[in-house]
Amino acid sequence: MRRAIFPGSFDPLTLGHHDIIMRGITLFDELIIAIGKNAEKKYMFTLDERMSFIKKAFAKEPKIKVLTYEGLTVDFCKKVNANYILRGLRNPADFEFEKAIAHTNRKLSEIETVFLLTSSGKSYISSSIVRDVIRNGGDYTGLVPESVRVSH
């Protein structure tokens, strides 16, 4: 079985994430959306809210599971028996950052990282931008899936 994880904080889930996930499930038998828990990070949405956004958005996708994890992503991969990490790339800066992480992960384990370029028209969307729009009362509905729109 080709099992991959798509790790992130998903604070909140964006249309960019949604795009990568929907394209990723065509490549793998199972895709685990892995919500990382970091005690030092200040989140806008609770872990339960973030899980709810994702579960509602992909309720009709049997190949998708949603789990949480702490610690190294490669350790979580081993725990859930995943051989791949799926990552989305929006721009050259993302590539440089993700390349360093992928090389480190390969040094620590046999886990392969698979990169997908974000679809055109979605490459400007990031969770931090969405949070800023929400914080300042802007219209964020064109940046997130329906499951996030109805929740805030």
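## The loop between strand 1 and helix 1

P12 sits in the loop that links strand 1 (3–8) to helix 1; helices (H or I, at least four residues) and strands (E, at least two) are DSSP runs, numbered from the N terminus. The peptide bond from D11 to P12 is cis, with omega near 0°. F10 belongs to the loop between strand 1 and helix 1 as well, and F10 has a positive phi of about 50° although it is not a glycine. With a relative accessible area of 1%, F10 is buried. Here buried means under 20% relative accessible area, exposed over 50%, and partly exposed in between (1.4 Å probe, protein chains only).

A word on the basis of all this: the model is predicted, so local features need pLDDT of at least 70 and side-chain atom pairs count only at pLDDT 80 or more, while totals for chains, interfaces and linings use all residues. Residues are numbered from 1 along each chain as its sequence is written, and side-chain values use heavy atoms, with hydrogens and water left out.

## H17 and its neighbours

Helix 1 (residues 15–24) contains H17, which is buried, with a relative accessible area of 17%. Leaving aside residues up to four places away in sequence, H17 touches F6, F10, P12 and S127; a contact means heavy atoms within 4.5 Å.

## Helix 4 and its two faces

At the start of helix 4, a side-chain oxygen of N91 comes to within 3.1 Å of the backbone nitrogen of A93.

Which residues of helix 4 are buried? They are D94, E98, A102 and N105. They cover an arc of only 60° around the axis, which puts them on the same side of helix 4; the arc is that of the directions from the helix axis to the C-beta atoms. Their cover includes helix 3 (73–80), strand 4 (84–89) and strand 5 (112–117). The face turned away from the buried side carries the exposed residues P92, A93, F97, H103 and K107.

## N81, between helix 3 and strand 4

N81 lies in the loop between helix 3 and strand 4. Phi of N81 is near 65°, a positive value in a residue other than glycine. N81 is exposed, with a relative accessible area of 53%.

## The chain as a whole

Six helices and five strands make up the secondary structure of the chain, and from the N terminus on they run β-α-β-α-β-α-β-α-β-α-α. The radius of gyration of the chain is 15 Å, close to the 15 Å that the globule rule gives for 152 residues, so the chain is as compact as a globular protein of that length. This radius is taken over C-alpha atoms, and the rule is 2.2 Å times the number of residues to the power 0.38.

Of the 152 residues, 43% count as buried. Among contacts between residues at least 6 apart in sequence, 77% join residues at least 24 apart.

Technical notes: Polar contact = N/O pair within 3.5 Å; in protein donor to acceptor, adjacent residues only side chain to side chain.
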